[in-house]
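Subject: Structure for you to look at

Hello,

I am handing over the structure we spoke about. Please open it first and then read the notes that follow.

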Amino acid sequence: MIIGIIGSGGREHAICAKILESKKVDKVYCFPGNAGTDLIATNIEIKVDEFEKIKNFVTNNKIDFLVVGPEKPLVEGIVNFFQKNNIKIFGPEKLASQLEGSKIFTKKLCKKYKIPTAKFGIFTKKNNALSFLKKRNFPLVVKADGLAAGKGVYICENIKTAKNAVNEIFDGKFGLANNILIEEFLVGEEMSYFIVSDGKTFKKFGTAQDHKRVLEGDRGKNTGGM
């Protein structure tokens, strides 16, 4: 088989290395890949959101199967695009990708189906969000809706840092912000539990933990995850 991997991060490097262990795989292309994938596969200088260019390359080079790593092309509907073109691709469709692409989408889903989650408020205007902060106990969490590369979450110890977070988000630090999420602060460890599903059945394949805040004792700002 000839495999194509969409993405350029460490995640895609790990996926690439694992896929190459299979005896069924003859060649792997990475779009666009990175220095690590360049050592073990073939990098192609096509961006992850250039769906048409990827499709043309896939067709011309007889790629059998695509695997998508990053959130951005998933949220933009890359799986739907290739399914319409009868090209096999692994990843969630556009609607399911909103679980990662929109924190507010996920919170509303939790509320609708009574999935335990931190109490929250959704705000579409900066002034309303700032007024809400005056009535809250701290610490609390301010989140930018949409993709923010793991950096759109502020854990605020006081009203000053919370106001700063609201201002930065609405002023466009993470792109156009139409909504902001403010939620209660929960103490505990974060864990990701991974499954693969076809919509009817699922397989579990382990857990992982992000260590997102820099500095010892989780005192710094959020990074993209470590």
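A patch here is made of residues with over 30% relative accessible area and no salt bridge, and nonpolar side chains are joined within 5 Å. Please keep in mind that this is a predicted model.

On the surface, one nonpolar patch consists of Phe-90, Phe-194, Val-196 and Phe-205. Together these residues have about 360 Å² of accessible area. One of them, Phe-205, sits in strand 11, which covers residues 202-208. Phe-205 has a relative accessible area of 52%, and because exposed means over 50%, Phe-205 counts as exposed.

Four strands form an open sheet in the order 6-9-7-8, and their pairing is antiparallel. Strand 6 (120-123) and strand 8 (153-156) are the edge strands, each of them pairing on one side only. From one strand to the next, the twist averages 20°.

Within the sheet, strand 7 (residues 140-144) and strand 9 (residues 180-184) run antiparallel and are joined by 5 bridges. Val-141 has Glu-183 of strand 9 opposite it.

Two helices also belong in this picture. Helix 9 (residues 159-170) packs on the sheet and touches strand 6, strand 7, strand 8 and strand 9. The direction of helix 9 makes about 5° with that of strand 7. Helix 7 (residues 103-112) lies across strand 6, strand 7, strand 8 and strand 9. Helix 7 runs at about 50° to strand 9.

Regards

Notes. Residues are numbered from 1 along each chain as its sequence is written. This is a predicted model: local features need pLDDT of at least 70, side-chain atom pairs count only at pLDDT 80 or more; totals for chains, interfaces and linings use all residues. Side-chain values use heavy atoms; hydrogens and water are left out. Patches are made of residues with over 30% relative accessible area and no salt bridge: like charges are joined within 9 Å, nonpolar side chains (Val, Leu, Ile, Met, Phe, Trp, Tyr) within 5 Å. Accessible areas come from the Shrake-Rupley method with a 1.4 Å probe; for residues, only the protein chains shown count as cover. A salt bridge is a side-chain nitrogen of Lys or Arg within 4 Å of a carboxyl oxygen of Asp or Glu. Buried means under 20% relative accessible area, exposed over 50%, partly exposed in between (1.4 Å probe, protein chains only). Two strands pair if DSSP finds at least two bridges between them. Axes are lines fitted to C-alpha atoms, for helices over the stretch in contact, and angles run from 0 to 180 degrees between N-to-C directions. Contact means heavy atoms within 4.5 Å.
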